[in-house]
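This report describes salt bridges and contact surfaces in a protein model with several chains. Please view the sequence and the structure before reading on.

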Amino acid sequence: MRQLLIFIRKEFLHVFRDRKTLLMLFGLPIAQIVLFGFALSNEIKNSHIAIVDYSKDAVTQRLITRIGGSPYFNIQRTLASGDQLNAAFKKGDIKLAVIFPVGFGDDLVHTGKATMQVIADASDPNQATTITNYLNQIVLDFNSELSQGAGQRMQILPSTQMMYNPELRGAPNFVPGVMALVLMLVCTMMTSVAIVREKELGTMEILLVSPFKPFYIILSKLAPNLLISVVNLFIILALSDIFLDLPVKGSLLLLVTGSVLFILTCLSIGLLLSINAQTQQAAMMGSMMGMMLPTMLLTGFLFPIENMPVALQVLSNLVPSRWYFIIIKQVMLKGLGFSAVWKEMLILTGMCALLFTISLKKFKIRLQ
Amino acid sequence: METVIRTEKLTKRFGAFVACNELSFSVDKGEIFGFLGANGAGKTTAMRMLCGLLTPSAGKATIAGFDVYTQTEKIKQRIGYMSQKFSLYDDLSVAENIRFYGGIYGMSRPAIREKTERLLEELQLQKEAKTLVRELPLGWKQKLAFSVSIVHDPGIVFLDEPTGGVDPVTRRQFWDLIYAAADKGVTIFVTTHYMDEAEYCNRVSIMVDGVIAALDSPTALKQQFGGASMEEVFYELARKAKRKGD
Amino acid sequence: MIQLENITKTYNKGQVLAVKDISFTVKPGELFGLIGPDGAGKTTLFRVLTTLLLADKGKATVNGFDVVKDFRQIRNGVGYMPGRFSLYQDLTIEENLQFFATVFGTTIRENYHLIKDIYQQIEPFKERRAGKLSGGMKQKLALCCALIHKPAVLFLDEPTTGVDVVSRKEFWEMLARLKAEGITILVSTPYMDEARLCDRIALIQKGSILSIDTPEGIVRSFPKELYGVQAGNTHLLLREVQAFPGTETCFAFGDALHVTFAPGKEGDVLPWLKEKGLGDARMQRITPGIEDCFIHLLKN
């Protein structure tokens, strides 16, 4: 028994004397609680919506005011016609549209019933369901108010249509998210481990003391990972199509180009991580802890970015997967072209170039 | 003379490969026994079996009267072990290491305290009691490691290349410690690559290709193989080895 | 060929002193040994010379190139075998050799004659993965990889450590043959007996050089007369000789003791020993070895 206690005591000493592990053991849970508790929330506020009011009567005005006053909605535009809706949805400017048909108020007064059309962007089915629920709740409350005021039953019926994903399947949301996560993890981890492995084994020493330029060492570490990641990409796309019924709606070439940009960015991050890590274990931990958490939380597929505190929103701009996620959704799910994603592609190109240049400059050509 | 280690056709097989082939020898109490052999000759495997760390494939062996198949726990309580690769925890202090190993071997707290004081005094490390082991020079580490390996006063101590890479003066100080322990009746089972250290042993065995090719006192071996030094004897035997350590 | 001037190197922002004020020269075609125990600073010096570390102070040149400014040229032209085994464990012998040949812009065939003697011993195993080789074979492979591009200078950091006695001997024989080809070799080792095989050696301990000379020169500089004392019971002999008042230094060397005495006292020791029960003790004048000199230098 005493032997056990002595051994336990020794283990505690080991842990407390290792600063880095300590940081992770205590720092990580604290960071997570803070993030999850305060910053990230599943509540979706301020969703951008559009209103098309063909009726323009007192009832619609009241309802629109009510909707606009809710914290969950932010009336982005009031459009004159439904044709403009498509464009707005495609650009991602709005998540939901409410269309009041002609004679809405009259129908209500005369028949006690009126239908309003609701169209939601269901490429994120969870989000779509949540905000339509909010809307339905508002309409329900409005209905009872109307009924009380008029002394008779008044019912406004929302007729909901889910765009891009009428069956509300989860796949369209999580497949892009998982793609970004998987590619990110594999690329950063494999690259950083591959470089640090040479350091750990001692072969890096010999390579450095040779005519082999460090630049080529870097390229030779990146190349196989790039190839493997592209193959991975095709496998994921094929599986999505065959098993999850999620084909690539837009240009495959565009998607692959965007993906390659993203992969290169992640490879550069892996390179950067490898510079300060001395052991493969440290490299793996760095990739996991350093990249997995931000990617999962700040890409936008688990938690909507729009609802995060401003600080986190700004931070999410630095996470490459956030931009890649948009590219995938626009091209793969919505079938859009270059004009819809040029901004994101440019950002990724910039990140990639910057990170690669920094890594190249900081690559240690000596042992210290 | 009391026999503390006795083996009879001790064998260890890894699949088709026979690492140790029917080793038979005995070691007496208080003896300094040198266990030599080239890399791959089977030394480490043999030592592991004697320490109760590896179960033999065939043959018999007893350590301090305890059977290596069935009584390994009793063996571990009665032996000390030190290897070149690892003995002390780098991120613990000198005193903490002593306290840890003393506790592991079941020593009472007052006994550990007393032993710590004595050890520090013998090695002249009183001022370094709170220093982390990784800050100690290599020579001091090795000497401390040896003392810690016998902190619980075992009857037998196994030393696996304890003086590798250490400077010549510290090496001899180390052997002074070994002699002091042997004088107190501790049996020393040591492997080494330094052939002059083989001369310090009472008897030496040389393993080649998994078998014991020679076992006797250094003087007798030199006569038998006609070498002027243990190095020549060893070279003579190791040269013919077929297993160059693969 | 290799020149160091006042090289000093510390780690941890000056907290750990690795080498201090080291200066020596290695002539072209010389087989130069850096002899000292672990922690003496050998690996640090190698890394400074192969441009892998920057010294805090001092200058060094290899083949005329400065280790700081002209590191590219040095890296293109030297052969280096680092301390731990540093080849690719999951590549075969042949694949490793081919890789390093390509890295240095040559092929195995081009310089085969240079490594033939060594490579022939491991060639039968050329399909075997490097991770599965014995210490001796790994060492031979590493040497081949360091030589394959016919370097003018060869840096070997503790090539014989952890390797069996027979392979060690063979290795030094190979080094002598390489020297005959005109290659300058700087080799480090903790084994004092290997020092004899070098042209010149530097004894190093705790970051400072104790002495530089040819092995014979170092031996000749041993200041006192050295005696070898032997008896049946070496252990008892050691105790008694150390207790003898005329003994200045006494160290065990296998089955003999190497002893120096206070002037004139050497004659008194045998009778003293006889009194203590060591009637079979005998004594003779001996030539000091490198280890004797190292110990002497350590003590002073």
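In this predicted model, Lys140(C) forms a salt bridge with Glu170(C), with the closest N and O atoms 3.1 Å apart. A salt bridge is a side-chain nitrogen of Lys or Arg within 4 Å of a carboxyl oxygen of Asp or Glu. The pair links distant parts of the chain, 30 residues apart: Lys140(C) lies in helix H5 (residues 135-147) of chain C and Glu170(C) in helix H6 (residues 165-180) of chain C. Helices (H or I, at least four residues) are DSSP runs, numbered from the N terminus. Lys140(C) is buried, with a relative accessible area of 5%. For such values, buried means under 20% relative accessible area, exposed over 50%, and partly exposed in between (1.4 Å probe, protein chains only).

Residues are numbered from 1 along each chain as its sequence is written, while chains are lettered from A and ligands numbered from 1 in the order in which they are written. Because the model is predicted, local features need pLDDT of at least 70 and side-chain atom pairs count only at pLDDT 80 or more, whereas totals for chains, interfaces and linings use all residues; side-chain values use heavy atoms, with hydrogens and water left out.

**Salt bridges**

Over all chains, a search of the whole structure finds 30 salt bridges.

| Pair | Closest N and O atoms |
|---|---|
| Arg17(A) and Glu96(B) | 2.8 Å |
| Lys140(C) and Glu170(C) | 3.1 Å |
| Arg47(C) and Glu205(A) | 3.3 Å |
| Lys334(A) and Asp121(A) | 3.5 Å |

Arg17(A) is partly exposed at 30% relative accessibility, while Glu96(B) is buried at 13%.

**Chain A and chain C**

In this interface, 19 residues of chain A are in contact (heavy atoms within 4.5 Å) with 25 residues of chain C. The two chains bury about 2100 Å² between them, 60% of it on carbon and sulfur atoms. Buried area is the accessible area (1.4 Å probe) that two parts lose on being put together, summed over both. Ile206(A), Val209(A) and Arg366(A) supply 32% of the area that chain A buries against chain C, more than any other three residues.

The rule finds 1 salt bridge across this interface, and Glu205(A) and Arg47(C) form a salt bridge there. Arg47(C) lies in helix H1 (residues 42-49) of chain C and Glu205(A) in helix H8 of chain A, so the pair joins two chains. Arg47(C) is partly exposed, with a relative accessible area of 22%, whereas Glu205(A) is buried at 4%.

**The two domains of chain A**

An automatic or database domain assignment divides chain A into domain 1 (47-163) and domain 2 (171-362). Their C-alpha centres lie 40 Å apart. The contact takes 10 residues from domain 1 and 9 residues from domain 2. Between them, the domains bury about 670 Å², of which carbon and sulfur atoms give 47%. On the side of domain 1, Lys90(A), Ser123(A) and Asp124(A) lose the most area to domain 2, together 62% of what that side buries. The count between the two domains is 1 salt bridge.
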